[in-house]
Amino acid sequence: MGAARCIKKDALLTWLEEVGKSRLVLAPRAQGKSTAFLPFDPAKGISLSGLATSSPKQALIPRHEALLEFRYTKTDQVPAQTGLAVRELIPNQPTLVFGARPCDARGFTVLDRVYDAGAKRDVYYCARRDKTIVATVACTEPADTCFCNRVGGGPGDSAGSDILVTELDQLYVLEAVTQRGEAFLLEQKLPDATELADKAQAARAAVRAAMPEGDSLLGAPDKVGALFDEMPFWDGVAAKCLSCGACSYLCPTCYCFNITDESKGGQGVRVRTWDNCMSFQFTLEGSGHNPRATKSQRMRNRVGHKFCYYPTLHDGALSCVGCGRCIAHCPVSMDIRRIVSKALTYEKAAKEHSNV
Amino acid sequence: MGSQLEDLKTAIRQALPDLDVVIAWAAGPDGLAHTPLFITSESDVDLVQWDPRCSQNLAGYLPGLRGKKVGIVAKGCDARSITELLQEKLIDREQLTVFGLHCQGALDPEKIAAMADCGRYVRSAEINGGELKIVSSKGACAISLENGLLAKCFRCTGADAQPCDQFIGEHGAPPVLKDAPATTLDRLEAMSMEERFQFWEEQMGQCIRCYACRSACPLCVCQDHCAAQSREPHWVDQTDHPREKLMFQAMHALHTAGRCTECGECERACPVGLPIMTMKQALNRQIKALFDYEAGLDSEKTPPLFQFRENEEHIKERKW
């Protein structure tokens, strides 16, 4: 890693406030009963205990994003003729995401492969990504729903981060991961901590070693793909699913969206909003036909996308980062780990019913 | 509770050959919450669990399984949803086998997680008498069950499932609980209209529009055809304004007026913990005052908004 700086824990808010003068700072904050990445407010503090309820994907793909504004105009020359004025709304806000977890940051790499894919660059996403610094705080206490170590990640991983932050007693050690992170860190008036880098690495390694191992899910693509036509399997695992969108919307890697024009009178806005493949409307066609009319088919798509289709397109990288939000917040305690494990050991011939 | 669980398993095993599926609960991903279990073979019966961690109301699955012979395990409050579904003819009594239980209260896993100061990695959790003992990454701790109950348990109107085909265990009164938490509705009624509006604006600002509230509601039967996701009619737009989300909550509340049994699934399901049952409670108070009616208590009664009477006892239209 590159440059290393440190900051005392009790000075963190003051530093974030200072950073906030030149860029938007998004950090986890408790509001009501949940925690979300919200614009930093020194009076309200930040919440770094555990994993935020919502993921920070909101920083790069907002829940709701105005793509453009439009307005119909009348000309007085030809009454029947309507003009259209369009204004593009490209984001231009330098941002620091502070307090993402390694799974969240890995989630950004999943989004990058889709939205920043060579010739196919999503201008809105890339404008945000280019101006956003991701400072990730390494985990010290994985929860029982965490399984980053089973999907290729780890509680101290730096993939997707610009800066990796490690807790050491009363200090946070900030280490640059990318050039962008390095440039940002060098601008900060923080003491050098190069000599603490080894200690920080040892602390991360200790957390990694203490995290219970589970079977790797990296070999899922072939097995999950082979079950595509095995509807009894999907009927079994999806039986208790309510078809809501809590899992997709809390997920750091679910990136599907809807685009609608919301107009009032002669003007309006084209908005891009999160969409969710567990919803009946997601694949509902204009004709009324729905290729995924049942929740079993939709569950097959959600699991298949994360553990088969995406990795097949992207060199084996799963689009699940093991944050466990979908497990912790599912109204019916659905557990995606059990579904994938079941798929790995499922014997087609047995035609067994798959309760998970 | 062990023998009650064994009795329940025996009853399910006996009934299973005549049923397509039995819905019960099994151990969940962590020790704090159980998860619904769809039993279709005898080996599934071994997975059945019954204790205060069986929080979900399973009645919501019934309309989607119409046409099948379904067995369902029900707590007192779950059975009220079943009654309401029967009243509305959304399910068929003769296709249904209810395994009724006496409930001592259901746990709120989020409340427990917040109270349990013994680390985030739950290694095991077991219920022993009135306590939930948790062994976690930082040690062990015990939580009194009473302190970890769902808010609805403090307003329990009947702990024994009714209707029911097979009652498992002893009948009993609702648990006697002290210190009922103040409801959001009580707080709101003490506020001015402006303050109430501000309250909802703030709450709805947190909504992520996942519609878990709707999907978990046993009486939301439009589900896949919900007006909230419809472009035609376009009653709710896709912008992230609290106004749109409040509009959906208002629709949900109005659709369940006089039907909602306050089972609390909407609030329990909400991943960001919004107090959205409050609107339904407010309407229920009105329904009680106007029609002296509470939903889901009598399968022979017609819900007040399902009928028209020329003269309503408490609505003096001619004197307006």
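Me: Among contacts in chain B between residues at least 6 apart in sequence, what share joins residues at least 24 apart?
Reply: 66% of them. Keep in mind that this is a predicted model.

Me: How many helices and strands in chain B?
Reply: Ten helices and eight strands.

Me: And how compact is chain B, going by its radius of gyration?
Reply: Its radius of gyration is 21 Å. The globule rule gives 20 Å for 320 residues, so chain B is as compact as a globular protein of that length. The C-alpha trace spans about 60 × 50 × 40 Å along its principal axes.

Me: What percentage of chain B counts as buried?
Reply: 43% of its 320 residues.

Me: Sheets next. What's the strand order in the five-stranded one in chain B?
Reply: β2-β1-β3-β4-β8. The sheet is open, and the pairing is mixed.

Me: Which strands stand at the edges, and why is one side of each left without a neighbour?
Reply: β2 (34-39) and β8 (166-168) of chain B. Each has a single partner strand, so one side has no neighbour in the sheet.

Me: What's the average twist?
Reply: 25 degrees from one strand to the next.

Me: Zoom in on β1 and β2 of chain B. Parallel or antiparallel?
Reply: Antiparallel. Six bridges join β1(B), residues 21-27, to β2(B).

Me: Which residue of β2(B) is the bridge partner of I23(B)?
Reply: F38(B).

Me: What holds paired strands together in general?
Reply: Strands of a sheet pair through backbone hydrogen bonds, either parallel or antiparallel.

Me: Switching to A142(B). Where is it found?
Reply: In strand β7 of chain B, which covers residues 139-144.

Me: How many other C-beta atoms are within 10 Å of A142(B)?
Reply: 13. Buried would take 20 or more, and exposed would take 12 or fewer. So A142(B) is partly exposed.

Me: Leaving aside neighbours within four places in sequence, what is A142(B) in contact with?
Reply: E131(B), L132(B) and K133(B). E131(B) is eleven residues from A142(B) along the chain, and their C-alpha atoms are separated by 6.3 Å.

Me: Domains now. How is chain B divided?
Reply: The domain assignment gives domain 1 as 1-107 + 158-178, and domain 2 as 182-320. Their C-alpha centres are separated by 26 Å.

Me: What about chain A, where are its domains?
Reply: Domain 1 of chain A is 4-210, and domain 2 is 220-350. Their C-alpha centres lie 25 Å apart.

Me: How many residues of each domain of chain A are in contact?
Reply: 33 residues of domain 1 with 27 residues of domain 2.

Me: Which element of chain A gives the largest share of the domain 1 side?
Reply: β4(A), with nine residues. β4 (64-74) and α2 (102-115) of chain A each supply at least two residues there.

Me: How do the residues on that side of domain 1 of chain A divide, nonpolar, polar and charged?
Reply: 16 nonpolar, eight polar and nine charged.

Terms used: Residues numbered from 1 in each chain as written. Chains lettered and ligands numbered in written order. Predicted model: local features only at pLDDT ≥ 70, side-chain atom pairs only at ≥ 80, totals over all residues. Domains from an automatic or database assignment. Contact = placed C-beta atoms within 7 Å. Helix = DSSP H or I, 4+ residues; strand = E, 2+ residues; numbered from the N terminus. Nonpolar A, V, L, I, M, F, W, Y, C, P; charged D, E, K, R; others polar. Pairing = 2+ DSSP bridges. Axes fitted to C-alpha atoms, helices over the stretch in contact; angles between N-to-C directions. Rg over C-alpha atoms; globule rule 2.2 N^0.38 Å.
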